[in-house]
Structures are given as structure tokens and as C-alpha cells.
Amino acid sequence: MNVLESMLVAIIALRTNLMRSLLTMLGIIIGVAAVITMVAMGSGAQKEVDQQIAALGTNLFMVTRGYSRDHGARKAAGTRVRLTEDDARMLKEQIPEIVAAAPTMRGSVQAVIGNTNWATTVQGIDNDYIVARNWVVREGREFDPREVRTGAKVVLLGHTVAEELFGESNVIGQTIRLNNVPFRITGVLSQKGQTMNGQDQDDVVMVPLATARGRLIGHSQSVPKAVHVIMVSVAEAGMMDDVEQQMTQLLRQRHRIRADQEDTFRIRNMSEMVETRAETSRVFNMLLAAVASVSLVVGGIGIMNIMLVSVTERTREIGLRRAVGARSRDILTQFLVEAVTLCTLGGAVGVLLAVLISYGTAEVTGWPVALQWEVIVLAVVFSAAIGVFFGFYPARKAANQNPIEALRYE
Amino acid sequence: MKTSELVEFERVGKVYQVGDSEVHALAEVSISIGVGDFISVIGPSGSGKSTFMNLCGCLDTPSEGRVMIDGVDVAGMTDDELAALRNQKLGFVFQQFNLLPRTTSLDNVALPLLYAGVKRRDRHHKAMEVLNLVGLSDRTDHHPAQLSGGQQQRVAIARALVNDPVLLLADEPTGALDTRTSAEIMMLFQQLNDKGISIVLVTHEQDIASAARRRLTFRDGRVIEDKPIEQLRFLQPDRSVKIA
């Protein structure tokens, strides 16, 4: 008797007890569906975090203006403007590991084109900023060095702004008014999506730093070259700690901070923050999958339970089969195949259910969901394995029946 | 040593271990069954006739002596070898029919061929043939629940015949049937015996026992009487059962 015949016999046996078979399968169905759905949701969240990491820029430090102390009274961050363009240039020159050091300013503007307008954020940048934050100019071009130096009235549009103001039409070379100043559009940035905090990173226009300072944001009288933030990108992740120390040292020197004074700036390792978040989400995923696996194991125990009942109920059938020539191996195979068939069918239905739940959840809640083929295949294989594992004991019990006693069983 | 006898018991004994004590179910039984024999086995319960049957049916092996089935010594055979022997040489008929529920007559009859490794198409072909032999060619798609007791026993007999056995073993085949149906079933056995099929039949009814050609009487694990039956019962010229 080959495996195909055994499967046929098993399916017939399962069909004769349809309701019970379905109920038994339910445990496996729920288990498999739970595992796949949980992993899908987990890896969806994971994917989002990964995208955030990529969007953030590689090995990124954010240097901001810190607090300053005036006779013990702490003032708000940035009360005394201490970061300048020159700080950024110096950092890049002095520390070879730094790939890009981008001084930037931020403000808000009203963008107007024709009769539509849009309130957005303006970012004063130089081309290092594009490098540091992994921005890509989707259409058009970056600023050229002369434009950056002279503070030309040119602008790069974020994806959201371009979409809101222009829709599908071509924007390159067109003129847009930012706070009533006409700017020529040189390019459009490709989409980055949301930050971890849910801010739309694409709702932005970028202009040369000098332009932003001179025409849109304004500048401090005392420190004309002041900037809000310096974004620093480092060549390799392993150098982050070393570079952070060097930066601190250099900035303290430049700002003439005495040894007993606190820093007047803050250096934040952005990559580390996101990595921590990614790690948290990974651990959470594993926990979810582990909990879901427990339900799969419980389903397997259900299979064992029902198979034991089935073996007892069918003792005479077993006796008869043995009498007409079934070897105990044939009986073992028959009951094992029954258990595995139950589990595999349950696994298949569970996969369908998981697909429905995953896409349904994604549709209703907008959560990111990533169904993975590997997980689906693994879940089905695993459920078959559960069939073998939990089906073996009942099957062996069936195979070891003494045919004479089995035939006499009432 | 190959003999012409179908079944040979040589001083066979069977001892069961029940708790601490030994039960001698069979002792010093020597008997031979030839090709074409129709033997009824009779005796009170506990007389050893079931043990005798199990040994004949290769469901069990003797503790003492030697049992030869169709020239093969069953002692020392493995479980699998015994299963193959049952599958190829023996046919079983039981009191409770032991048909698989919710399974058609055809599939029930074809069951032994499944374990013989016969192809599905050939299985069904052969099963049709024997169902025709027992007069049930119009009941092939019926489930046991849809058949009368007599019909169920005919399906069971067809199942026992499907592998062309050298010996048919019937354990109280009429125990669950009424008198008229019992007579019909016994006639079927007689007709099969006429066709050359050897039969061993266990019963506790004298009536049924006298349908055979030879009667073995068991008591306390021994054969106390072994004699041919002169006057055959149930045999009627009007044969309601068609033999192919």
C-alpha cells in the first residue's frame, strides 16, 4: 500500500466524521492563522522602521544648540545662539571620518502658485544636507555651488508640496512664491514618508541656506551665520563613538567652554535611537510569534486527543484490517497520515484565513502588513510536522493492537 | 516438508498468561484439514475452539507443537509475514460482519486487495466478480447500514473470497442472523465448498454444525470427537444463489 492509497483511506475516514474532523482542524487553523498574521503584522512594522532608518540617513548625528547657564539660571535651548555655518565647515575639515556636515535652518512659509497655496516648512540647506539625509532629487537637479554661495532664489520641492500645488504637471523651471518672494524650481525630491513621530517628511521646500536666512527666516543680529541644526553623517557606523568625542572636543574648544562648564550644544546619535527602536520591534515580533506558536501547539494536542478517541472507536476496524492482511506498519501509516492530513488541511485553511485577516486588518486599520512566503511555507510545513509529532503516539497505539483482542473489542 | 494437507496441527498447545497463572487454552491438538474439507468446530465456551480458530487464521502462533498452513510452518514467523500469509491464503468471516461503516460494499470487499498491493482498477474488477458470486451484484454502491444482516454477511463472505483464499474461516457466521437467513448463508457456504473452497466454521449450534462434512468437538482445550457427517443439512436442489 503506497502513500497515495493511505492518503485516500485517510481522507475517506476523515470525511465519514466530517464535523469532528473540522472541529479538530479548527485548533490548527487558528494556530497557523495566528502565527502567520502575527508575523505579517510584526514584519510590516519592522519594514516601516527599516524604511525610517533608511530615510533618516546613514550614521547620522544631529548637533543642536544646547542650554546655556547664566549664573545658575538655566535658559531655554538656543537662548544664546551658538552654532554657525563655520562650526559645520570646521567639523568637516578637522574630522576626516565625517562625510557630510550640513548646517540648516528651519522655518515656515506660505507657498503660492497661481491661485493655490500651501503652508509648509522651509529648510535652508547646502548640498551636504542632501547627502547626510539620503535625499534623492527625483526630477531636475540639486543646487549648484554658486547658487548656494550667493543665495540664489532657487527651490527644491518635497514630494507632498509638489503634489499639492502642481499635481501631475511638470514643475521644473516654474516659479513659485514663498512668502511673496518668487523662487525658481530646480528640482523635486523623491518621497521619504513619515518620521517615527508621524510627521510628513515630504511636506517641505528646500532653499539655499543663505537664501533662507536672508529672505525667509531672518537672522540674528549678533551672530549672522547662526544655524539651528548641523546634520553630520559619518562614513562608518563603527566610528560613531569616536567621532562624537572628537566633535564634542572641537566644539568645546571653538566655543571656548571652560572645563567646569556644561556643553552649550547637544549631539544626538540619531541612528542609535532608531536602531534601538528597531531592536525593540524585533523583540516584540518574536514574542508575538512565540505566543502564536503556543496556540499551534495547543491545536496539536487537540489532534492527539481526537486521534486517541478515534483509535479506540475504531478498534474493531483495526482488528479487521489486521485480519485481512494489514501489517502493523500499514495501520501506523494510516493513522499517521490521517493526523498529518488533518493538520496540513488545517494549515492550508489557516493560511487562507491569515491572508484574509492580514489584508483585512491592513485595509481597516491602515497598519502595515507584510505577508511573507517563507513564513507561509514554514507554517504549513510546521503544521504537518505537528501532525507527525502528535499523531505518532495514537498511531503507534493503533498499530500495536493485538488483532485478536481488537476483533473482539466491544 | 511439504504435505498435501492444507492445515496440519501437530501436538499443538497454547498457553496464555493471565496474571500469575497459566491458562492452557489448547493442549496436544493434532489434526489435519485437507483441500476441499468443510469442517465445523463445536464446543462450549472456553473449550479452545476460538484459540484453534486464531491459530488456523494465523492471528496467533502456538506455544507448543507445530502449525503448518499450506505447507508453511507458522512458528517463528514475524508479524508481517503472518499478515502476508493471512492476506494471501486466508479469508475471514465474523459474527458481527465487521464491515467498515459508511463504505460501499464494493470498497469493503476490495479491502484485502488494498493490502495485497493490487491496483485500484483491478481491485474493483475482482470485487465485482465476488459480489456477483454471492448474489449481490446489484448492491455494490450500498453502505452496510443500507443492507440487511444477511446481505451484510454476504458482503463479508465476498470480502473473504476476494483474494482467492485456500481456506475460509468463519467464526459464528450465523450468530447474528435469524433462522431463515442463517440457512441461506449456510447454503452459500455449502455451494462455495462444492466449488472446492475449504472451510472451517466455528459455531455452538448443532444445526449449523451439521451443515459441514466433518465435525470437530472441543472440550477443555482438546478435541474429543472428530467425525464425518453423513447427512448434510440445508442442501436444497433449489439454489437461490447463483454460482458463476
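Q: What is the strand order of the open sheet of 4 strands in chain B?
A: The model is predicted, so to read it note that local features need pLDDT of at least 70, side-chain atom pairs count only at pLDDT 80 or more, and totals for chains, interfaces and linings use all residues. Residues are numbered from 1 along each chain as its sequence is written, and chains are lettered from A and ligands numbered from 1 in the order in which they are written. Strands are DSSP runs of E with at least two residues, helices are runs of H or I with at least four, and both are numbered from the N terminus. With antiparallel pairing, the order in chain B is β2-β1-β4-β5.

Q: Which strands of chain B are the edge strands?
A: Two strands pair if DSSP finds at least two bridges between them. Each edge strand pairs on one side only, and these are β2 (21–33) and β5 (72–73) of chain B.

Q: Which residue in β2(B) is the bridge partner of Glu8(B)?
A: Strand β1 (residues 7–18) of chain B pairs with β2(B) in the antiparallel sense over 9 bridges. Within β2(B), the partner of Glu8(B) is Ser32(B).

Q: Which element gives the largest share of the side of chain A that touches chain B?
A: Residues are in contact if their C-beta atoms, placed from the backbone, lie within 7 Å; 17 residues of chain A contact 20 residues of chain B. Elements giving two or more residues to the chain A side are α1 (3–16), α10 (315–323), α11 (328–365) and α13 (403–408) of chain A. The largest share, 5 residues, comes from α10(A).

Definitions and conventions
Contact = placed C-beta atoms within 7 Å.
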